[in-house]
Structure formats: C-alpha cells, structure tokens
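Dear colleague,

I am handing over the structure below, and would be grateful if you could look at it alongside the notes that follow.

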Amino acid sequence: MKVIDLRSDTVTHPTPEMRKAMFEAEVGDDVYREDPTVNRLETMAAGMMGKEAALFTTSGTQSNLIAVLTHTKHGDEIIVGDEAHIFWYEVGGAAALGGVIMHTVPTDNCGRLNLDDIDRAIRGKDIHYPETTLLCLENTHNRCGGAVLMPDYTDEVCNLAHTRGLKVHLDGARIFNATIALGVPAWALAQNSDSVALCLSKGLSAPVGSLLCGSKDFVERARKFRKMLGGGMRQAGVIAAAGIVALETMVDRLAEDHSNARRLAQGLTGIEGITLAQDDIPTNIVMFHLSPELSVVEFVEGLDRTGIKIGLRDGRPFRAVTHRMVSSSDIDEALTRIEAVCRRLRRRA
Ligand code: TLP
C-alpha cells in the first residue's frame with residue numbers, strides 16, 4: 001500500500017537532477033564568500049525577487065528570524081497577523097532571541113490585515129511605549145489555507161508602513177505558489193517590501209534552504225546575524241546546487257499541485273461527514289472539518305491504518321497539502337480511502 005503523505009509540501013524529496021547537481025557542485029568556504037554555487041544561488045534569488053542581494057539560510061524560520069533581528073532592535077514592537085507563521089510556529093524566536101514584542105492584529109480569511117487595524121497598532125511617540133519598527137506579511141498564507149495576497153494589497157500595506165516609519169518583511173515561504181496562482185512574477189509581489197524570504201524546501205522540492213532577499217546593506221547586516229545564529233555553512237554549495245535546480249525547474253510545475261488541491265477539495269465535499277474550511281482553494285493547501293458526531297481520534301487512526309497522512313493540530317481544521325510526490329491518481333486513491341474511513345465512522349456514530 002502506497003503511503004500518501006499530505007501533511008506538508010516540506011516532505012518532498014530532491015529530484016534526481018538535484019542529487020546530480022549536489023554531487024557535482026563546485027564548492028568553497030561560504031563564510032569567506034568563496035562558494036561559487038551559493039553565490040550563484042543568491043544572485044539568482046535576488047534577481048527573481050527584484051532585490052539587490054540575497055542570503056542563503058538554513059530554513060524559513062531562520063530567514064524570518066534574521067529579518068526580525070536585522071530590521072529591529074531589542075525592546076521594539078513588531079506587527080504581525082494573529083494567524084502568522086512567525087507568531088504561531090517559530091518557537092517565539094522573535095521574542096526570545098530578538099527581544100521584540102509581537103503585536104498581533106486580526107487576519108481575515110484571505111490572509112490580510114486590515115489597514116485601519118495596522119494604523120491603530122502602530123505606536124505613537126510616548127515615553128511609555130515601545131517603538132514599532134517592523135510589520136510582517138505572509139504570502140501565501142499558511143493558516144489561511146494557502147491564501148494569496150494581491151500585489152495591490154501588499155503595496156498599500158507597504159505604503160502605510162513606510163509612511164509611518166516601519167519596515168516591511170514578507171514571509172514568502174510559498175511565494176512561488178502565489179506567482180503561479182496569480183500569473184505574475186515574484187518580484188511584483190515583493191517590490192515594496194524591504195525584505196522577503198522564500199523557501200526552497202517546500203513545493204520546490206529542494207532538501208533544505210531558504211533565501212532572505214533585500215537591499216545590499218540589509219543583506220550585509222543579515223549575514224552577520226546568520227553567523228551569530230550558527231548559520232555560516234561553509235561548503236554549502238552542496239545544498240545550494242539543489243536550490244538552483246529548484247528555482248530553475250520546479251516553479252512552473254506548482255500549477256499541478258494547485259489543480260490536485262482543487263481535485264482533493266472537490267472530492268472531499270462529496271464525502272458525508274467532511275466540510276471544507278475554505279470557500280476556495282487558491283493554491284496547494286486544503287483545510288477541512290470533520291462532523292462533530294465523528295471521532296477525530298478514530299478518524300486519524302483510520303487514516304493512519306490506510307496509509308494517509310494529514311496535518312492535525314489541536315483545535316484546528318485538518319490540513320492536506322499537495323506536492324510533487326502526490327499525483328492526481330494518488331489524490332483519487334486518498335479520497336477513496338478517506339471515504340471508506342468516514343463510512344466506517346458513520347456506521348459507528
Ligand atoms: N511551515 C511548515 C510548518 O512549520 C507548519 C508547514 O508544514 O507548512 N513560513 C511559512 C508560511 C511556513 O509555512 C513555514 C513552514 C515557514 C515559514 C518555516 O519554514 P521552515 O520549515 O523552513 O523553517
């Protein structure tokens with residue numbers, strides 16, 4: 001029985017082409033900036049994101065943390081959505097290591113923060129207040145079901161933030177899913193942000209790595225923080241080589257993941273006991289609820305027995321993420337197995 005792993009697109013393995021590139025990678029000591037493959041990847045990423053420079057980091061979490069450290073100082077306040085990955089899933093690193101307060105504002109279903117809420121959240125000048133110095137957005141939005149931020153919206157938020165003296169960091173872990181969904185180049189989604197992080201190890205299938213992009217001066221300072229966090233990786237060309245293949249060959253195929261996500265969602269709506277938690281499926285994330293009369297524990301056990309892995313967090317809808325290692329026939333097979341599990345649970349309910 002084939003295990004169909006829908007927990008995350010992070011489970012994707014490197015392609016044979018990536019493994020070959022890794023094997024053959026020209027390397028050097030990247031702390032001395034002598035790794036030609038890392039240098040090439042950074043130049044390439046900066047170009048795609050329309051920024052002057054980029055920094056190869058170990059993970060999306062590290063990129064976001066370095067961005068916070070670089071844009072702020074200890075004791076500052078940063079504005080993040082109350083559904084932001086930075087707020088939920090990065091172990092509080094911004095607070096623990098950056099010494100910043102995360103001021104959350106509500107996130108709508110489309111991953112957006114309201115401009116008035118942002119405006120109100122920015123502190124004025126008062127001896128009692130911390131200084132608000134950074135605002136973070138996320139595109140696509142993980143907890144909002146892969147929602148895509150439109151470039152006009154991002155630009156508006158950036159204008160507001162800049163007018164009030166804040167920097168903007170964009171968590172673009174899945175920014176290429178947004179570019180494929182909208183049919184616009186990645187730089188257009190990040191052109192007014194001061195920094196943007198993209199991930200190689202999600203839908204793009206590279207084994208590891210993220211790039212933090214911004215101005216030359218920003219990346220220069222960010223490089224020092226990466227070193228401080230232990231992210232000076234020496235002969236990192238071995239992994240950067242896979243990242244180059246990812247950027248060159250894996251972006252366009254994300255459309256297939258999006259169509260598989262829609263196929264999955266459509267199938268799930270036909271299963272008694274399941275309701276979608278989203279009005280539409282913009283990219284590769286599908287979230288759904290189980291009817292309250294069906295047991296979550298038994299549902300998960302049932303899926304496990306039939307070789308289906310999906311994401312589950314307390315009090316959250318289930319999450320299924322499509323990716324390169326799940327084909328459209330795997331989706332059909334997953335639906336058949338999920339339907340069988342639900343049928344069994346309904347009989348018992
Ligand atoms: N998200 C992971 C888990 O941490 C939840 C996933 O499976 O989706 N920003 C966003 C929007 C992300 O979704 C993630 C990973 C990150 C940052 C962090 O990237 P990594 O895992 O490389 O540290």
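In the side chain of His 85, an N or O atom is 2.9 Å from an oxygen atom of the ligand, a polar contact in the sense of a pair of N or O atoms within 3.5 Å. The corresponding distance for the side chain of Ser 8 is 2.7 Å, and a polar side-chain atom of Lys 202 lies 3.0 Å from a ligand oxygen. Of the 510 Å² of accessible area that the ligand has on its own, the protein covers 85% (Shrake-Rupley method, 1.4 Å probe).

This is a predicted model, in which local features need pLDDT of at least 70 and side-chain atom pairs count only at pLDDT 80 or more, whereas totals for chains, interfaces and linings use all residues. Residues are numbered from 1 along each chain as its sequence is written, and side-chain values use heavy atoms, with hydrogens and water left out.

The shell around the ligand holds 16 residues, the closest being Ser 8, Thr 61, Asn 142, Asp 171 and Arg 174 (a residue counts if one of its heavy atoms lies within 4 Å). Helix H3, residues 60–71, gives the largest share of this shell, 3 residues, and the shell divides into 2 nonpolar, 7 polar and 7 charged residues.

The ligand takes up the space of the largest pocket (more than half of its atoms lie within 2 Å of the grid points; a pocket is an open set on a 1 Å grid over the protein atoms alone, where a 1.4 Å probe fits, with protein on both sides within 12 Å along at least five of seven lines, and lining residues have an atom within 4 Å of a point). The lining comprises 26 residues, and His 85, Tyr 89, Asn 142, Arg 313 and Arg 319 lie nearest the pocket's centre.

Best regards

How values were computed
A polar contact is a pair of N or O atoms within 3.5 Å; within protein, one must be able to donate a hydrogen and the other to accept it, and residues adjacent in sequence count only if both atoms are side-chain atoms. Helices (H or I, at least four residues) and strands (E, at least two) are DSSP runs, numbered from the N terminus. Ala, Val, Leu, Ile, Met, Phe, Trp, Tyr, Cys and Pro count as nonpolar, Asp, Glu, Lys and Arg as charged, and the others, Gly among them, as polar.
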